[in-house]
Amino acid sequence: MLLQQEPQLRELRIFDLHLGPWLEELKTGPVQVTAIQGDVTQAHEVAAAVAGAHVVIHTAGLVDVFGKTSPETIHEVNVQGTRNVIEACVQTGTRFLVYTSSMEVVGPNIKGQPFYRGNENTPYEAVHRHPYPCSKALAEQLVLEANGRKVLGGLPLVTCALRPTGIYGEGHQIMRDFYHQGLRLGGRLFRAIPASVEHGRVYVGNVAWMHVLVARELEHRAALMGGQVYFCYDNSPYKSYEDFNMEFLGPCGLRLVGTRPLLPYWLLLFLAALNVLLQWLLRPLLLYAPLLNPYTLAMANTTFTVSTDKARRHFGYEPLFSWEESRTRTIRWVQAVEGSAQ
Ligand SMILES: NC(=O)C1=CN([C@@H]2O[C@H](COP(=O)(O)OP(=O)(O)OC[C@H]3O[C@@H](n4cnc5c(N)ncnc54)[C@H](O)[C@@H]3O)[C@@H](O)[C@H]2O)C=CC1
Ligand SMILES: CC(C)CCC[C@@H](C)[C@H]1CC[C@H]2[C@@H]3[C@H](O)CC4=CC(=O)CC[C@]4(C)[C@H]3CC[C@]12C
């Protein structure tokens with residue numbers, strides 16, 4: 001997105017634990033693209049990568065709500081990693097920092113209270129216990145508190161945080177998992193969540209576009225945007241998690257069976273708790289990390305949608321991809337997954 005949409009771009013450095021072969025394709029244009037294999041938990045590696053950069057977009061993170069990694073590792077990557085990024089900016093004199101936060105910083109909370117088309121000012125009891133939202137909330141707080149700190153050279157750091165709702169689009173691993181599960185079940189998926197539960201979703205291209213706009217505008221609107229949070233949204237329809245997925249999986253031949261959940265909620269909760277027990281029992285032998293656990297069930301079963309225009313008002317954000325385009329692109333990607341699986 002930076003290469004396509006940012007005419008002022010002179011150099012792009014990509015810092016990630018895992019560098020994919022796709023990065024090579026980015027190196028063929030006029031902009032210098034440097035891929036750096038590194039770990040955000042290593043302060044010196046981060047500082048070396050950040051030195052001399054005009055703006056840092058910190059999106060690296062450990063996204064795990066399935067118990068694949070320990071809470072300590074999630075904290076180390078998401079919180080200490082973010083601390084390292086902030087310190088690198090301060091020590092090397094980089095003034096602009098954009099952080100990819102998450103809707104999870106707000107909710108759904110442990111009480112499962114609905115957040116219905118709320119905005120950045122909607123009152124909500126943001127209380128978490130799960131390591132992932134806890135880590136994102138702490139990291140976001142660090143980023144916002146760092147706004148105004150003096151960087152090398154004496155000028156103030158300007159930071160802001162973007163909170164995407166559930167991201168979908170090309171490369172969406174969980175969508176791929178649902179797709180393969182549907183194929184295994186003879187082209188069917190069985191409804192688990194009531195259709196009335198709304199879950200916020202945003203297309204990956206629009207998430208990237210919002211980051212590019214913020215990176216561009218932070219310098220010119222520092223007083224307005226510094227220390228602010230913005231939900232990351234677009235015109236994707238409000239739907240339940242499963243009905244939304246069917247927008248893509250339907251045209252790829254899958255069918256969602258049932259107008260109401262096939263299993264009662266108490267049974268799903270029991271199965272989710274059983275999965276936690278199995279995960280714990282099997283841990284010495286293998287990693288058992290199914291999609292269903294009490295946390296993911298609560299996430300999928302609690303209404304959380306945003307309706308806001310703060311990003312438009314503050315820095316002129318309009319989604320780059322319409323809903324129709326986002327949908328078409330995602331369907332094409334699922335179809336390509338299908339092609340490569342055969
Ligand atoms: N997937 C979603 O629905 C949402 C994701 N987010 C946030 O967006 C960001 C990106 O998430 P996704 O693209 O979904 O996840 P992802 O796992 O595809 O991307 C995260 C990237 O961070 C890198 N990374 C992980 N640990 C690292 C480390 N120690 N050092 C350097 N790089 C490391 C990974 O290699 C990966 O490329 C994360 O910060 C996540 O919290 C926010 C809202 C929703
Ligand atoms: C089998 C169940 C009944 C359905 C399981 C669906 C879940 C796996 C997903 C439902 C909601 C998702 C999360 C949500 O979109 C918000 C997120 C924000 C992030 O920052 C990271 C990803 C995620 C936690 C996302 C993960 C999958 C769900 C829990």
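Helices H5 and H8 are roughly perpendicular to each other, because their packing angle is about 80°; angles of 65 to 115 degrees count as roughly perpendicular, under 35 as roughly parallel, over 145 as roughly antiparallel and the rest as oblique. H5 covers residues 173–184 and H8 residues 241–249, and their axes are 11 Å apart. On the H5 side the contact is made by Ile 174, Met 175, Phe 178 and Tyr 179, and on the H8 side by Tyr 241, Asn 245, Phe 248 and Leu 249, where contact means heavy atoms within 4.5 Å. Axes are lines fitted to C-alpha atoms, for helices over the stretch in contact, and angles run from 0 to 180 degrees between N-to-C directions. Helices (H or I, at least four residues) and strands (E, at least two) are DSSP runs numbered from the N terminus.

This is a predicted model, in which local features need pLDDT of at least 70 and side-chain atom pairs count only at pLDDT 80 or more, while totals for chains, interfaces and linings use all residues. Residues are numbered from 1 along each chain as its sequence is written, chains are lettered from A and ligands numbered from 1 in the order in which they are written, and side-chain values use heavy atoms, with hydrogens and water left out.

Glu 140 in H4 is paired with Arg 163 in strand S6 (residues 158–164), 23 residues apart, at 2.7 Å from N to O. Arg 163 is buried at 10% relative accessible area, and Glu 140 is buried at 5%; buried means under 20%, exposed over 50% and partly exposed in between (1.4 Å probe, protein chains only).

The structure holds 14 salt bridges. One of them joins the side chains of Arg 117 and Glu 198 at 2.5 Å, N to O. Arg 117 lies in strand S5 and Glu 198 in the loop between strand S8 (188–190) and strand S9 (201–203), 81 residues apart. Arg 117 is partly exposed at 32%, whereas Glu 198 is buried at 12%. Arg 117, a residue other than glycine, has a positive phi near 50°.

Another salt bridge, at 2.8 Å from N to O, connects Lys 239 and Glu 247. Lys 239 is partly exposed at 28%, and Glu 247 is buried at 15%. Salt bridges that share partners join Lys 239, Glu 247 and Arg 327 into one network.

Met 299 belongs to helix H10 (residues 294–300) and counts as buried at 11% relative accessibility. Beyond its neighbours within four places in sequence, Met 299 is in contact with Met 103, Glu 104, Pro 108 and His 199. Pro 108 sits in the loop between strand S4 (96–100) and strand S5 (115–118), and a cis peptide bond with omega of about 5° joins Gly 107 to Pro 108.

On helix H9 (residues 265–282), Trp 280 is exposed at 65% relative accessible area.

Conventions:
A salt bridge is a side-chain nitrogen of Lys or Arg within 4 Å of a carboxyl oxygen of Asp or Glu.
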